[in-house]
Amino acid sequence: DYNVSGATKNHLFAVTLMLPFATTTLALLKDNWFPAKIFVGDTFTNYAGMSLAVVAILAHFPIMLMLLMLPQLVNFFLSIPQLFGLWPCPRHRLPSYDPQTGLLHASRLNDRNSSFVQTKLAHRLNLTLINFFLLVFGPMTEPALATSLLLFQLICCLIGLTLRFFLTGYIY
């Protein structure tokens, strides 16, 4: 036991589980950065979600995980109208690529599906955080968009860590 507190044990447990996850994720990022040589698909997504959920639950950090996952929560809340059928949800809601300029644009319902062309919904945006970024900041290249989204994730993580470690005393 070595006189280690419960909180310290939880932190060491989390680090022990997260080191393999962090190293495999960084290795994947090396090959998945623009231009991507591989596609992560559902396998990595499930592995990442499971790893984060297991650590959050077993190390007693569920609120911390929610703070660090703020961009994913924003993406979910932006997507609710399409996910719950309040307006059409095409199979792919990725940005539209303009080969002449090399820029990504926020995609709309009729970009890839001709069945929406004649409807009044045809010009509605696909509701994702990626499309929201492109709408707010304008068309971007893929590396610029990826960097912007990673910076947003980093800023949200810093806000979450600040809330958790520096402002907790004011809340509790």
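**Close-up 1. Ile-155 in helix α6 of the predicted model.** Ile-155 has its place in helix α6, and the model in which this residue is shown is a predicted one. With a relative accessible area of 48%, Ile-155 is partly exposed, because that class takes in the values between the 20% limit for buried residues and the 50% limit for exposed ones.

**Close-up 2. A nonpolar patch on the surface.** Ile-155 also belongs to a nonpolar surface patch, whose other members include Leu-151, Leu-154, Leu-158, Phe-165, Phe-166 and Tyr-170. Taken together, the residues of this patch have about 1,100 Å² of accessible area. The element that gives the most to the patch is helix α6, which spans residues 142-165 and supplies eight residues.

Close-up 3. Met-140 is found in the loop between α5 (129-137) and α6, and its relative accessibility of 10% places Met-140 among the buried residues, since buried means under 20%. Although Met-140 and Leu-103 are separated by 37 residues in sequence, their C-alpha atoms are 5.0 Å apart in space.

**Close-up 4. The pair of helices α1 and α2.** Two packed helices are described by the distance between their axes together with the angle between those axes. For helix α1 (residues 6-32) and helix α2 (residues 41-58), the axes come within 9 Å and cross at roughly 165°. The two helices are therefore roughly antiparallel to each other, as angles over 145 degrees are counted in that way.

Technical notes: Residues numbered from 1 in each chain as written. Predicted model: local features only at pLDDT ≥ 70, side-chain atom pairs only at ≥ 80, totals over all residues. Heavy atoms only, no water. Patch = residues over 30% accessible without salt bridge, like charges linked within 9 Å, V, L, I, M, F, W, Y side chains within 5 Å. Areas by Shrake-Rupley, 256 points an atom, 1.4 Å probe, with all protein chains shown as cover. Salt bridge = Lys/Arg side-chain N within 4 Å of Asp/Glu carboxyl O. Helix = DSSP H or I, 4+ residues; strand = E, 2+ residues; numbered from the N terminus. Buried < 20%, exposed > 50% of the residue type's maximum accessible area, 1.4 Å probe, protein only. Axes fitted to C-alpha atoms, helices over the stretch in contact; angles between N-to-C directions. Parallel < 35°, antiparallel > 145°, perpendicular 65-115°, else oblique.
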